[in-house]
Amino acid sequence: MTTSKKFTCLILATVPLAAGLGVGADDAKAQPCIVRAADMPAKVKLAAEEIRRYVYLRTGALLPVVQAPGGAGATIVLEIGKSLDAQQYRLKTAGTTLTLSGGSDLAVLYGAYALAEKLGVRFYLHGDVVPDARIPFALPQLDETCQPLFAVRGVNPWGCHPYGMDAWSADDYKTVFTQLAKMRMNFLGVHCYPEGPPYAAEPTVWLGLPGDFDATGQVKSGYPSHYFSALANGFGQAFRAKETGKYNFGGAGLFERDDWAPPVMAGYCPVPTTPEGSNEVFNRMAGQLHDAFSFARRLGVRTCLGTEAPLTIPGAVQERLKAQGRNPADPAAVREVYEGTFRRIMASHPLDYYWLWTPESWTWEGNKPAQYEATIADIKLAHEALRNVGAPFKLATSGWVLGPAHDRAAFDHDLPKDIPMSAISRAVGHTEVDPAFGRIAGREKWAIPWLESDGHQGLAGLQLYAGRMRRDAADAAAYGCTGLMGLHWRTEILAPNVSALALAAWDQSWYPNANGGPARDWTMDGKTANYPDARITGTNDEVLYRSCCYDMTDGKMKVPNGRYKVTLKFCEPHFKASGERVFDVKLQGTTVMENLDILAKVGQFAALDFSFDGIAVTDGWLQVGFVARQSLPCISAIAVAGPGFVRKINCGGPAYQDYLAGEPRPPRERSLPCDDFYADWAQASFGPEAADPIARIFTELDGKVPLATADGCPVGPLDPDATPWATVATRFTFVDAMEKLRPAVRGAGNLDRFDYWLNTFLYYRSLAQVRCALGAKAAPEEITRLWSDTYRYLLASVNTPGTLAAVVTLENHPGWGDLIARQASQPWLKEHQGAPRLIVTTVRSVVEKDEALTLTVIALDQQPMKSVVLKWRPLGRGAWRQQEMTHVARAIHRATLPPAAESLEYHIQAGTASGAQLVWPATAPEMNQTVVVTGP
């Protein structure tokens with residue numbers, strides 16, 4: 001990033017519109033406007049519309065977009081600057097003109113969204129936050145140039161559970177693509193599970209032979225595949241089928257169909273049972289990807305799909321190969337399946353990357369050398385296939401680990417340099433970004449931290465990790481990563497996490513030392529083990545061999561430049577058979593021992609020493625490296641001696657004779673400070689009146705949210721908790737603190753956002769209270785009351801597909817609804833028990849020219865609504881047009897706007913059976929949902 005002054009980029013240095021030199025919108029002599037040339041690319045035209053939109057939302061001033069300035073008023077000029085890099089933009093004010101320059105049309109669009117942030121707008125995956133209080137129009141005084149720290153920035157949405165992209169329609173994808181562009185991110189990548197346990201094949205990627213589809217990519221020979229639906233029984237061993245129409249406490253009203261599935265699965269749930277149905281699901285998904293990915297490309301967002309390597313060839317494809325007299329395991333057959341897969345993608349939808357994922361088992365069980373060799377061979381076959389078909393997309397690697405156990409950076413040595421390497425962080429994100437990224441050179445490398453975990457806390461849990469996102473982003477930058485993206489399922493509940501990661505991809509001025517502070521004279525990563533009662537043979541210094549460092553990759557010692565004798569001392573404390581622990585050792589980056597097997601040489605609890613003379617140090621640091629071949633490396637002591645210098649380390653143990661204590665590198669805090677982030681987030685989300693105390697609540701919770709459910713993937717069960725509720729309740733005092741702040745919040749939008757988080761907190765605490773009631777064997781009526789409260793809090797927070805999935809969990813997870821039903825009084829109420837609501841789970845804010853936008857609203861109440869009306873008009877002007885929305889099913893209503901010719905605004909009004917009036921969005925009709933049009 002380059003910038004003309006400190007802290008001018010992003011969250012901390014927004015310049016109020018009322019500040020600086022400006023011209024009032026009500027001054028008849030002034031004509032403020034937005035200027036862009038007529039022949040500008042579509043993204044520049046979109047940038048002008050976006051500036052117009054956000055100036056209007058913040059100030060009420062509707063600026064005209066013109067091809068040349070028409071007077072002495074304030075002017076915002078958009079241009080492509082040839083001196084800037086492709087993703088670099090500049091915002092510079094001179095007199096009454098603010099010039100937005102970008103090194104490309106995409107950079108101009110990024111600059112437009114950065115300008116919107118200067119106006120106080122904030123962007124998240126689920127939508128925008130526009131503060132309630134409008135401000136006077138004035139031109140901000142700016143002089144800054146911004147460039148991203150990572151060339152590739154984005155998200156890795158995950159499927160295989162109800163919470164993720166399994167449920168997304170084309171409109172859901174387009175919503176996320178739009179918000180990615182607004183957050184100045186440019187990548188979305190999706191993993192696709194293959195056929196076989198623990199999940200069925202997903203229809204994201206079809207695998208097959210070149211002759212199995214037509215010229216448009218329509219599949220003629222498919223196989224059963226499916227996404228999650230409410231009728232999926234045992235999906236991932238976590239859910240059982242239950243029709244949504246049987247849901248309780250008003251939950252049934254949220255769902256249009258009993259199966260609750262994405263549109264591509266309609267009529268084929270839980271899984272297609274005929275060849276024609278299997279083909280149709282794949283073809284529908286290809287159509288959805290064509291629609292959504294084409295839209296992404298027009299916004300400058302890259303797309304990526306992928307499968308696991310070695311390739312799992314579906315059984316139906318294997319049978320076709322065998323019918324041709326071919327062996328499905330033959331490399332030529334595997335390459336042909338890759339060619340067929342790639343050709344079908346080329347025929348059916350755009351794509352920028354196809355990534356191959358290392359097997360998930362590598363992170364839990366490690367890998368054998370033969371497994372690594374098979375994976376390398378498979379990736380090379382895919383690379384050959386890519387070249388053979390002339391694919392317009394690139395190959396990339398990813399996985400639950402960066403590479404194999406013996407060397408996480410091994411792919412860098414064994415694969416062509418045009419293949420980017422990436423990986424999600426281990427231990428579902430609790431482990432830091434892999435330091436092995438730092439040993440990869442000459443290729444793209446993308447770090448993928450977890451925005452949320454489907455293990456600890458689970459996908460029904462509250463996961464706040466803004467500080468962790470900062471840590472991971474800082475480490476990724478320190479390791480020289482060229483890409484940064486976050487793995488996730490949900491959207492709105494992750495708003496702080498996603499925002500923190502997106503901002504850190506552009507600016508890390510909040511953390512000047514990304515390496516975590518000055519290095520000590522001696523450091524080594526890994527863990528320690530001690531076995532003080534062990535009898536060590538082959539030495540007179542048994543103490544040195546009764547401890548070790550293990551699971552380490554590198555250590556370094558500060559020494560004067562020169563040549564040294566290095567002695568390494570080993571002992572096998574754990575394994576009883578050779579071949580169980582095998583590793584390499586490096587000094588100064590050069591391998592000095594290969595396939596060291598301590599036990600094979602001397603047996604268990606026996607000393608083994610190696611000395612190396614003439615080790616040269618030229619930069620003041622002696623480097624010791626370890627490469628795991630089988631299990632985890634270990635070392636007991638290190639001694640370094642040279643002219644006038646001696647240093648000895650008892651690895652993992654206490655000081656002994658002339659050996660210093662050798663604890664591993666002290667653990668860092670997993671999170672970085674984020675109080676400044678939450679201060680800005682609360683100010684924008686909830687208004688100034690209560691922002692400071694709300695920010696303190698979130699800062700204190702970040703990375704420390706108490707566990708409400710039992711651990712489990714994807715959502716922990718509600719196992720009875722015998723701990724008294726009075727004790728457990730002390731962990732949730734933040735909920736009461738939040739609730740007390742509600743009277744201080746001002747403005748309909750601020751209050752709506754506040755209530756989302758308050759109800760989320762109440763729901764989360766209620767889960768813990770239900771568990772304590774079960775543990776205390778409370779009366780069935782009490783358990784029913786608590787479960788009704790839990791359901792009510794959840795329904796009060798439903799805004800997105802991810803919260804619909806939480807309702808599915810209440811009903812379809814055997815460790816939730818079933819468990820509660822066995823202990824509670826029956827029957828449960830079917831009617832909604834909370835306040836009436838209007839819910840729009842998918843909010844599009846950018847559409848293409850002539851696109852007819854379809855709006856779906858959930859009008860939730862105990863009784864059907866008397867009326868649900870859609871009102872719209874051109875942005876900022878004219879009379880409102882209106883139409884009654886069509887009742888589709890249950891609480892679902894739908895209407896389609898006319899084909900988009902120009903930017904517009906709309907809101908939805910409803911009348912309840914009891915006479916109450918509802919409106920969506922909460923700020924309407926003063927501030928409405930806006931939609932801008934992009935296109936040629």
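**View 1. Strand S19 (residues 547–550) and S26 run antiparallel and are joined by two bridges.** Helices (H or I, at least four residues) and strands (E, at least two) are DSSP runs numbered from the N terminus, and two strands pair if DSSP finds at least two bridges between them. Cysteine 549 stands opposite isoleucine 635 in S26. These strands belong to an open sheet of three strands, ordered S18-S19-S26 with antiparallel pairing. Strand S18 (527–530) and strand S26 (634–635) stand at the edges with a single partner strand each, so one side of each has no neighbour in the sheet.

This is a predicted model, in which local features need pLDDT of at least 70 and side-chain atom pairs count only at pLDDT 80 or more, while totals for chains, interfaces and linings use all residues. Residues are numbered from 1 along each chain as its sequence is written, and side-chain values use heavy atoms, with hydrogens and water left out.

**View 2. Glutamate 202 lies in the loop between strand S10 (187–191) and helix H4 (275–298).** Glutamate 202 is buried (under 20% relative accessible area; exposed is over 50%, partly exposed in between, with a 1.4 Å probe and protein chains only). Beyond neighbours within four places in sequence, its contacts (heavy atoms within 4.5 Å) include Cys160, His191 and Phe282.

**View 3. Cysteine 160 is buried, at 2% relative accessibility.** Its sulfur is 7.2 Å from the closest cysteine sulfur, in cysteine 713, too far for a bond. Cysteine 713 is partly exposed, with a relative accessible area of 45%. The structure holds zero disulfides (pairs of cysteine sulfur atoms within 2.5 Å).

Conventions:
Lys and Arg count as positive and Asp and Glu as negative; His and the chain ends are not counted. A salt bridge is a side-chain nitrogen of Lys or Arg within 4 Å of a carboxyl oxygen of Asp or Glu.
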